[in-house]
Amino acid sequence: MSRNAKINGLLLLLVAALAVLPIALGMGEGKEEPFAGADAQAESAITELKPDYEPWFSPLYEPPSGEVESALFALQAALGAGVLAYYFGVRKGRRQAAAAAAARPDTSAARPDTAATES
């Protein structure tokens, strides 16, 4: 097994542990919404400190449920990851093409123009 494969396997195990450990250790027990997002936690903290607080503006679109909101967030993250992957892929392809062009000897100056000799 190569060094890169070992590192990738270790990173995959680490990501899986980060996803499973909070659930396995029961870190969300005793809460109404065990793994609420930062927005929901901030909203509850603000209403605890200042119950009469009025938000400055309201959202443009309010999803019908938390699941739809999560799905839209996941879609947004997937689209962002796709755009970044495309960008880095194009950059790598251009860099490889430039390196291949630089490594190739320039034979256009050594060959006579075939169109001029045919006439």
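Okay, let's start with what a pocket is: on a 1 Å grid over the protein atoms alone, it's an open set of points where a 1.4 Å probe fits, with protein on both sides within 12 Å along at least five of seven lines, and lining residues have an atom within 4 Å of a point. What we have here is a predicted model, where local features need pLDDT of at least 70 and side-chain atom pairs pLDDT 80 or more, while totals for chains, interfaces and linings use all residues. Residues are numbered from 1 along each chain as its sequence is written, and side-chain values use heavy atoms, with hydrogens and water left out.

So, the largest pocket. Its lining has 22 residues, and Asp39, Ala40, Glu43, Glu62 and Glu69 sit nearest the centre. Two helices, H2 (38-49) and H3 (66-103), are the elements giving two or more residues to that lining; helices here are DSSP runs (H or I, at least four residues), numbered from the N terminus, and strands are runs of E, at least two. H2 supplies the largest share, seven residues. The volume is about 850 Å³, meaning the space filled by probe spheres set on the grid points, which are joined across faces, edges and corners.

Zooming out, the chain has four helices and zero strands. How much of it is buried, meaning under 20% relative accessible area with a 1.4 Å probe, protein chains only? Of the 119 residues, 3%.

None of its 22 residues is buried, so H1 lies largely in the open. Just after H1, Gly26 has a positive phi of about 70 degrees.

Last stop: one aromatic pair. Rings of Phe, Tyr and Trp (its six-membered ring) pair if their centres lie within 6.5 Å; planes under 30 degrees apart are stacked, over 60 edge-to-face, the rest tilted. Tyr87 and Phe88 have ring centres 5.3 Å apart and planes at 65 degrees, so they're edge-to-face.

Conventions: Buried means under 20% relative accessible area, exposed over 50%, partly exposed in between (1.4 Å probe, protein chains only).
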